[in-house]
Amino acid sequence: MVARRLAVSHNDDTFDVDYDTDDGFEVLKYQLFSLTSVPPDQQKILGRDDQIVSDKSDLASISDKLRLVSIDEVEEEIVAEEKEKLENLAMSDEELARLIQAEEEALMMQHFVSRESKEQVEQRIQPYVNQVQMYEDPHRQEMARKTVPVDKLEEKALISLGREGNYKPTKVEQDNAFLLQLLFWFKQSFRWVNSPPCDSCGNDTRSQGMGVANSSETLYGASRVELYRCNSCSNITRFPRYNDPLKLLETRKGRCGEWANCFTLYCRAFGYDSRLILDFTDHVWTECFSPSLGRWMHLDPCEGIYDNPLLYEKGWKKSLNYVFAIAKDGVHDVTKRYTRKWPEVLSQRNIISEPSLVAVLSDITRELRKTLSAEQELHRKDDSSVSLPGRLSGDKEWRIARSEFVSDEKNSLSSSSCPVRKCIDDHVTNIYSAFSPVLSKLIEYSPSKKAAAEILEIFRKILVDLKNSPFRTRRISVKSVSSSSGDIFSKMLASFDQLLDALSLKSELGVNGSIDICLASDPVKTSIALPVVFHALDDVIYNIGQCARLDSRTLSWPLLKLNRLCSGLVLASGEELPFGIATCAFDGTRMSKWEEPNGAAGCWIIYQVADNRMVELVAYEFMSANDAPERDPKDWVLEGSENGGSSWHLLDKRTSQMFDKRFQRKAFTVSSPGYLSNAFRFRFLAVRDKNATSRFQIGSIDLFA
């Protein structure tokens, strides 16, 4: 550890920053963000002689006097100069010469090793050309749409946008969000087949070679049929490899060929400009053109991963050679878009010479359309901070045999460079606060813990019925319950008004004199808030059960959760993409978690209070995540800062903490209260079992002022 005091000038101001070099470069950028409002991704930090300070700099020896400029404010001349410097650093003349030479040598070698097998290329591509033409069939498209829970996916798409604070998205934004939900739904609804279960007794089977397709199988393009013998009853189970996506809508199973075939039909059925991607090293996936991104987007339905075209080379460690995009109007060689090792890949393209390949693809395309349109370039991410996963689909032995296996601990899409994110969680705080009038009335009308729990269960059932109704028109009549608890619920119904308001709901008189609960504003806000209130109800009912008795003295934390901090900014040492990002720890639901792929050895998360307000933190609450107890936090330190993270003050320290079960909440009071802060930092020092995992995870974090 090296403690530094840095003088950072920005515009006409100079800021003194206390900085611990062990915290890393991102924390320094976050501290400067809190002082200057220049976002980390817009910061350029300059040291002595205007040398750029970066995460590769020796932070212990940099100048004590730094200058911060916003990239947006830098003069064009300086930007051009720095860009030229970076380009020169990225690729020197020598490196460029070597790259060109490697490509020339690879092309020259093709003349010696290429067998000019045009027929082989055509035979590999043509079946997929026939396949993509099926996607344009209106009947197949209609049958595909009928199998999709469109309302549910539309709701989830709008929820995903709403959780980013976008409640009024454009049609392009909605379409992009729906496409991703379609991908996630397909991943869950389609089944991967290693060896099919016995169709007689359901037990495991083993391969018995190939069989001859019968007429009902060839009707749907099954030219190959795999045979499997049951390990228990010796029955033979057939596994036809259907090529017609219409049949796959029914069977909903297969390997990558069937997955990509069926998913691309779904994409076309919902109007997305789509193409099937054929990798000659034995994989198939999908691309869709994204108007919101202005380019083609990679989608792998087998893995449920999108927009990561380097997945195969960098994550699966594949040695690619030919990758073709096959659409209704042409075939394109898109290999370059899936590699960062083009000269190496070029040396492996020995089936046909490059000029002959161009001619073959042109001939096929000419048959498919009369005129060619300009092809959009697929953006390739090249972020060394992003770790791409190995293959997930298929059993372990099969992946090992194909050299596509990576250990489960490393098998995820993760980022060690996490952006500052804003928590869209004011609804969580409003829901927690709205339980106060409900609990007060419960104590007034029913001091019995059992009756109180029954009344809350009545309310839960109403919300469940409401959740199951169409999300754009949610409405339900409150039915009377003939019991003592039901009578009390009717008397205290008005006390739920604040909770309904937090859910963007309201109660009103129905046409038959009944009390109806219906939408009060944007239905997406209700969809986002409902999971939170269900989990909060579970927690309240549990805490009521833990009380010795239910009276006014129990109306305190943790039964009452008032003054929860919300709408702050969050920065973490790392995160899991896309479902384990840092803000997931503050969204109030059990359905998500913050996961730090390298956090077992130590990690941190910083929370900056909204509007830089100064608050006194008195308590906090953690919830264990859904799985993997070895990743639970065990030892940690909580610190507060009065200057946005320039310096830190110890508030609380815990060791040897254990969560007994999943989704367990543990409440902690701050051991050193009374310190006003506008930022808080948790430093997690150890997980439950660091020998069993490299990861850290936590289901939720709630901070109470």
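**Figure 1. Contact between helices α16 and α19.** In this predicted model, the α16 side of the contact with α19 consists of K449, A452, A453, L456, E457, F459, R460, L463, V464 and K467. On the α19 side, the partners are L530, V533, F534, L537, D538, V540, I541, I544 and G545. By residue class, the contact of α16 with α19 comprises 13 nonpolar, one polar and five charged residues. Two packed helices are described by the angle between their axes and the distance between the axes. For α16 and α19, the axes come within 10 Å and cross at roughly 170 degrees. Because of this angle, α16 is classed as roughly antiparallel to α19.

**Figure 2. Surroundings of K467.** K467 belongs to helix α16, which spans residues 449-467. Its relative accessible area is 31%, so K467 is classed as partly exposed. Apart from neighbours within four places in sequence, K467 is in contact with K152, R474, L530 and F534. Of these, L530 and F534 are also listed among the α19 residues that meet α16. T526 is 59 residues from K467 along the chain, and the C-alpha atoms of the two are separated by 9.0 Å.

**Figure 3. Contact between helices α16 and α17.** Helix α17 covers residues 484-491, and its axis lies 9 Å from that of α16 at an angle of about 70 degrees. The angle is why α16 is described as roughly perpendicular to α17. The crossing of α16 past α17 is right-handed. From α16, the residues making the contact are A451, E454, I455, I458, F459 and I462. From α17, they are S485, G486, I488 and F489. Seven residues of the contact of α16 with α17 are nonpolar, two are polar and one is charged. F459 is listed in this contact, and F459 is also listed in the contact of α16 with α19.

**Figure 4. Contact between helices α15 and α19.** Helix α15 runs over residues 426-445 and helix α19 over residues 523-546. Their axes are 10 Å apart, and the packing angle is about 45 degrees. At that angle α15 is therefore oblique to α19. α15 passes α19 in a crossing that is right-handed. The residues of α15 in the contact are H427, V428, I431, Y432, F435 and L439. Those of α19 are I528, A529, V532, V533, A536, L537, V540 and I544. The contact of α15 with α19 contains 13 nonpolar residues, one polar residue and no charged residue. V533, L537, V540 and I544 of α19 take part here, and V533, L537, V540 and I544 are also listed in the contact with α16.

Figure 5. Most residues other than glycine have a negative phi, and most peptide bonds are trans. S567, in the loop between α19 and β23 (569-572), has a positive phi of about 65 degrees although it is not a glycine. With a relative accessible area of 24%, S567 is partly exposed. The peptide bond from L577 to P578 is cis, and its omega is near -5 degrees. P578 is in the loop that lies between β24 (575-576) and β25 (594-596). D611 is likewise not a glycine, and its phi is positive, about 60 degrees. The loop that holds D611 lies between β26 (603-608) and β27 (615-616). D611 counts as exposed because its relative accessibility is 74%.

Figure 6. L68 is found in β5, a strand of residues 65-70. The relative accessibility of L68 is 2%, so this residue counts as buried. Residues touched by L68, not counting those up to four places away in sequence, are V8, S9, H10, L32, T36, V38, Q43, K44 and I45. For L32, which is 36 residues from L68 along the chain, the C-alpha separation from L68 is 8.4 Å.

**Figure 7. Overview of the protein chain.** The protein chain contains 19 helices and 35 strands. Of its 705 residues, 51% are buried. Among contacts with a separation of 6 or more, 70% are between residues 24 or more positions apart. The accessible surface of the chain is about 32,900 Å², and carbon and sulfur atoms contribute 49% of that area.

Technical notes. Residues are numbered from 1 along each chain as its sequence is written. This is a predicted model: local features need pLDDT of at least 70, side-chain atom pairs count only at pLDDT 80 or more; totals for chains, interfaces and linings use all residues. Side-chain values use heavy atoms; hydrogens and water are left out. Helices (H or I, at least four residues) and strands (E, at least two) are DSSP runs, numbered from the N terminus. Buried means under 20% relative accessible area, exposed over 50%, partly exposed in between (1.4 Å probe, protein chains only). Contact means heavy atoms within 4.5 Å. Accessible areas come from the Shrake-Rupley method with a 1.4 Å probe; for residues, only the protein chains shown count as cover. Axes are lines fitted to C-alpha atoms, for helices over the stretch in contact, and angles run from 0 to 180 degrees between N-to-C directions. Angles under 35 degrees count as roughly parallel, over 145 as roughly antiparallel, 65 to 115 as roughly perpendicular and the rest as oblique. A crossing is left-handed if the near helix is turned anticlockwise from the far one by less than a right angle, and right-handed if clockwise. Ala, Val, Leu, Ile, Met, Phe, Trp, Tyr, Cys and Pro count as nonpolar, Asp, Glu, Lys and Arg as charged, and the others, Gly among them, as polar.
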